[in-house]
Amino acid sequence: VIGMKKQIGLGVLILFVALIQAAGQNGLVKHCEPNTSIKAVLCPDKDYCPLPKGGCLYTRLISSDTSLVILEFKVFAERLNQSETDFAESDNKGQYFSPATLIIFNKLTQGSELSFYCIKARNKQGQVLVLQPVNIIVK
């Protein structure tokens with residue numbers, strides 16, 4: 001009986017350690033800390049994107065590693081409409097810009113700062129990676 005309790009205790013300890021490790025890996029994704037050196041690329045097709053003034057339905061983020069699929073990202077912009085205090089933030093699902101993200105893009109003016117962060121992408125093995133952020137100052 002004592003040996004059985006030790007085995008159960010050891011099994012619980014191993015399970016606990018495994019859960020902590022899994023939570024740690026997911027924590028990187030959940031908290032949006034990049035866990036790869038791979039970068040995102042904004043709007044690779046310049047013909048479809050009238051930057052810096054606004055975005056369009058074809059405006060998107062892709063990965064510099066074309067085998068990855070962008071799942072979601074966050075956008076933060078400041079100095080919109082030539083105002084020091086005007087800012088906006090949006091969550092975006094998928095690689096194409098959502099209507100909320102397009103509204104932000106349409107408020108960009110010279111000097112606006114735009115950050116794409118928490119860029120999550122899935123590789124062919126199903127693992128979710130958080131890509132390096134993209135920061136832009138509109139000129």
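Colleague: Which residues have the most contacts inside the largest nonpolar core?

Modeller: A nonpolar core here is a set of buried Ala, Val, Leu, Ile, Met, Phe, Trp, Tyr and Cys residues joined through side-chain atoms within 4.5 Å; buried means under 20% relative accessible area, exposed over 50%, and partly exposed in between, with a 1.4 Å probe and protein chains only. This is a predicted model, in which local features need pLDDT of at least 70 and side-chain atom pairs count only at pLDDT 80 or more, while totals for chains, interfaces and linings use all residues. Residues are numbered from 1 along each chain as its sequence is written, and side-chain values use heavy atoms, with hydrogens and water left out. The largest core has 24 residues, and those with the most contacts inside it are F73, L114, F116, I119 and L131.

Colleague: Which elements give two or more residues to this core?

Modeller: Helices (H or I, at least four residues) and strands (E, at least two) are DSSP runs numbered from the N terminus. The protein has 2 helices and 7 strands, in the order α-β-β-β-β-α-β-β-β. Those that give two or more residues to the core are β1 (40–42), β3 (69–78), α2 (99–106), β5 (113–122) and β6 (128–131).

Colleague: What share of the contacts with a separation of 6 or more is between residues 24 or more positions apart?

Modeller: Contact means heavy atoms within 4.5 Å. I119, leaving out residues up to four places away in sequence, touches residues including A40, L61, F73 and L131. For the protein, the share from residues 24 or more positions apart is 58%.

Colleague: How many salt bridges are there?

Modeller: The rule asks for a side-chain nitrogen of Lys or Arg within 4 Å of a carboxyl oxygen of Asp or Glu. One of the pairs is K93 with E72, at 3.5 Å from N to O. K93 is in strand β4 (residues 87–93) and E72 in strand β3, 21 residues apart. By this rule the count is 3.

Colleague: Which residue forms a salt bridge with E113?

Modeller: E113 is partly exposed, with a relative accessible area of 26%. E113 lies in strand β5 and the partner in the loop between β3 and β4, so the pair ties together parts 34 residues apart in sequence. The closest N and O atoms are 2.4 Å apart, and the partner is R79.
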